[in-house]
Amino acid sequence: MIKEFKNITEKDLAYMQKHRVTVTEKLDMIYFKVVITDSDVYPLNSKNKQIGKVDCIVNSIYKDIVDFVDNNIKSRYDELYNEFGNCDCGFFYKPVPKTCTITYDNCTDGFILGNLYTSIKKLNDVDKFASMIGVSVLKPICVKECICKFDDINNGLDITRRMTDSKTWSGNDIENIEGVILSCGKMNYK
């Protein structure tokens, strides 16, 4: 679960200040997961519920997602399972140039691989997985030491600017992104 950065504890902030922090752009797109097991491949919505036929009838976006999973992942199941084993992968989907409030003019891909978690850590090669299914990868904006104090955690834009040097993955200005995810070890803050 991703916590709100404004609710960070002093203990977590102290840990982040002594360890590497990965800063990733938070995308204003539809998020879903795909689970690959030893016997099946299935998509999950953002609430971790399996996307079924009824969902596809009710919402055309789910149909797009299921078609993507069928054509790009299920069709290569044996190859992907042999290479990565049991895994979960998170995707972002941009069905139209403007999804909610952020416009991504520089981002043309419909499906973007956000993360990959394999049951065997050494198999966790997100770039290889993405190239096998033909999608781009959401890359971190930067990896650096956390340079904020507990007193200034409420000024998100200021912290974002200091952490990212105003560069974003999508190509949007730092003022025109959904936000950032700060990851350090098992901690994730938005």
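Asn48 sits in the loop that runs between β3 (41-44) and α2, where helices (H or I, at least four residues) and strands (E, at least two) are DSSP runs numbered from the N terminus. This is a predicted model, in which local features need pLDDT of at least 70, side-chain atom pairs count only at pLDDT 80 or more, and totals for chains, interfaces and linings use all residues. Residues are numbered from 1 along each chain as its sequence is written, and side-chain values use heavy atoms, with hydrogens and water left out. The phi angle of Asn48 is near 65 degrees, a positive value in a residue other than glycine. Most residues other than glycine have a negative phi. Asn48 counts as partly exposed because its relative accessibility is 45%; buried means under 20% relative accessible area, exposed over 50%, and partly exposed in between (1.4 Å probe, protein chains only).

Helix α2 (residues 53-58) includes Val58, which counts as exposed because its relative accessibility is 69%. Together with Val54 and Ile57, Val58 forms a nonpolar patch on the surface, with about 370 Å² of accessible area in total. Patches are made of residues with over 30% relative accessible area and no salt bridge, with like charges joined within 9 Å and nonpolar side chains (Val, Leu, Ile, Met, Phe, Trp, Tyr) within 5 Å. A salt bridge is a side-chain nitrogen of Lys or Arg within 4 Å of a carboxyl oxygen of Asp or Glu. Accessible areas come from the Shrake-Rupley method with a 1.4 Å probe, and for residues only the protein chains shown count as cover.

Asp70, in helix α3 (residues 60-73), has its C-alpha atom 9.6 Å from that of Pro43, 27 residues apart along the chain. Glu83 belongs to helix α4 (residues 77-84), and 8.7 Å separates its C-alpha atom from that of Phe129.
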